[in-house]
Amino acid sequence: MDHSRVPVLEALEEFRRRGDVVFGPPGHKQGRGVDPRVAEIVGLDVFRSDVLSLNGLDDRRQSQGVLSQAQELMADAVGAEHAFFSTCGSSLSIKTAMLAVAGPGEKLLLSRNAHKSVISGVVVNGVEPVWVHPEFDRDRHLAHPPEPDDVRRSLQEHPDAKGMLLITPTDWGTCGDIQGVARVCHEFDVPLIVDEAWGAHLPFHPDLPPWGMDAEADLVVTSVHKMGGAIEQSSVFHLQYDRVSPEALKQREDLLGTTSASSLVYMTLDGWRRQMVEQGHDLLDAALRRAERLRLAAGDLPGLRPMGQEVVEEGLAASFDPLKIVIDVRELGISGMQAAEWLRAERHVDLGGSDTCRISASITHADDDETEKTLLDALVALTEGAESIERRPPVRLPEPSALELEQAMLPREAFFAEVEHVPAERAAGRVAAEMISPYPPGVPAIAPGEVITDAVLDYLRSGVEHGVLIPDAADPSVKTLRVVVRR
């Protein structure tokens with residue numbers, strides 16, 4: 001296919017050339033009505049490019065198929081049979097993908113280290129989750145994706161499961177054996193969905209971890225805004241084989257998605273695909289070299305312990321995305337959250353992630369020598385200034401097995417059940433009616449329907465004392481918890 005073409009961008013160019021005057025949404029009318037004070041900060045071109053897709057960029061009655069052409073080009077670029085653009089981010093896309101495979105009351109295998117958006121999908125969709133527990137890394141206090149044997153055992157125990165959802169790469173760049181898991185799923189004639197939100201760049205360089213479509217996954221969801229070059233909320237479904245119906249996927253997306261899709265998302269997805277096909281290898285090659293320099297330099301600094309290929313060599317992950325600079329800071333006597341806060345306040349460097357143990361920075365094709373130097377200088381300053389950072393009460397991290405809570409009720413049933421609020425001191429043994437997700441990284445420590453334990457409560461409450469945010473809990477202080485009323 002001709003990847004120099006960008007159908008959505010070309011349609012905007014033609015819209016401007018025609019000089020159409022619009023009498024429908026958006027109400028700002030390509031910026032004519034925007035407050036100049038807003039335009040001064042945001043930029044008038046953002047509003048000029050905000051055009052309704054139908055009866056604007058495309059014609060409802062005599063469709064030029066602008067979006068379908070762009071999606072066909074995306075599928076061709078990454079080796080998928082079908083690609084569908086989504087403007088609601090992968091948080092919604094993954095709910096759609098789940099619903100395309102398993103309906104209400106049906107079983108779906110899920111990695112338990114899933115982001116809260118996946119657990120939300122379980123509640124919204126009404127599927128029955130079969131948790132496949134991740135590979136816990138005791139030394140790093142880190143969860144890596146489950147392995148094929150874990151999936152096989154779960155499918156043998158639940159032969160009526162409709163499929164598997166695998167999250168890879170993780171927020172920290174460690175990757176599962178997609179091909180191994182896919183082949184296990186296919187032995188049982190069920191599809192593999194891959195939540196590859198952090199992997200939009202993977203198809204475009206051979207030194208990156210395997211890309212889900214190449215590794216025999218059936219349905220892959222990517223967040224192009226995370227590691228690619230499209231704006232926030234840019235997400236793509238990639239589909240192959242016949243285990244997931246394209247028609248069903250479209251209908252589920254229509255059920256959950258917006259009817260006012262952002263043309264800005266479509267345009268930036270279209271343009272990013274062209275950029276990657278034409279220049280992606282060279283751009284990512286430079287990014288890989290940059291990341292390696294940063295990782296080596298960070299490893300030479302006192303108190304910093306970068307993570308790299310050793311997690312693969314130790315058998316903890318199938319592969320590792322080298323564009324993730326993940327650094328354990330515990331030897332500095334502070335937490336990753338404290339390090340991230342200090343770097344932002346003192347060096348104006350905003351990191352991609354942090355938790356109790358570590359910080360992470362994503363290196364993309366957008367980085368250059370200046371940003372590389374800025375990050376390295378900031379890390380040097382952190383090691384020199386760590387002693388001045390106020391010590392906080394430590395987070396009491398539980399044993400990995402303590403995080404595998406009993407599922408006493410279906411998440412949807414618990415979430416919508418009659419509830420009461422009880423003091424944390426009396427919450428152990430009760431069934432949770434809410435998600436409680438420490439941020440970062442946003443993986444629920446407690447999901448609706450799980451039985452609360454003292455060990456997890458101790459972890460959460462010590463986290464709050466340390467400064468961990470828990471924004472989705474009814475009581476973010478975790479002094480009380482929302483639980484199912486006992487009958």
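Which strands does helix H13 lie across? Helix H13 (residues 336–347) lies across E14 and strand E15 (358–362), running at about 50° to E15. Here helices (H or I, at least four residues) and strands (E, at least two) are DSSP runs, numbered from the N terminus. Contact means heavy atoms within 4.5 Å, while axes are lines fitted to C-alpha atoms, for helices over the stretch in contact, with angles from 0 to 180 degrees between N-to-C directions.

A word on the model: it is predicted, so local features need pLDDT of at least 70 and side-chain atom pairs count only at pLDDT 80 or more, whereas totals for chains, interfaces and linings use all residues. Residues are numbered from 1 along each chain as its sequence is written, and side-chain values use heavy atoms, leaving out hydrogens and water.

Let's look at the sheet next. Its four strands form an open sheet in the order E11-E13-E15-E14, with antiparallel pairing; two strands pair if DSSP finds at least two bridges between them. At the edges are strand E11 (305–307) and strand E14 (353–354), each pairing on one side only. E11 joins strand E13 (residues 324–328) in the antiparallel sense over three bridges, and Pro 306 stands opposite Ile 327 in E13.

Now turn to Ser 117, found in helix H6 (residues 116–125). Ser 117 has a relative accessible area of 8%, so this residue is buried (under 20% relative accessible area, where exposed is over 50% and partly exposed in between; 1.4 Å probe, protein chains only). Leaving aside residues up to four places away in sequence, Ser 117 touches Ser 91, Ile 94 and Lys 95.
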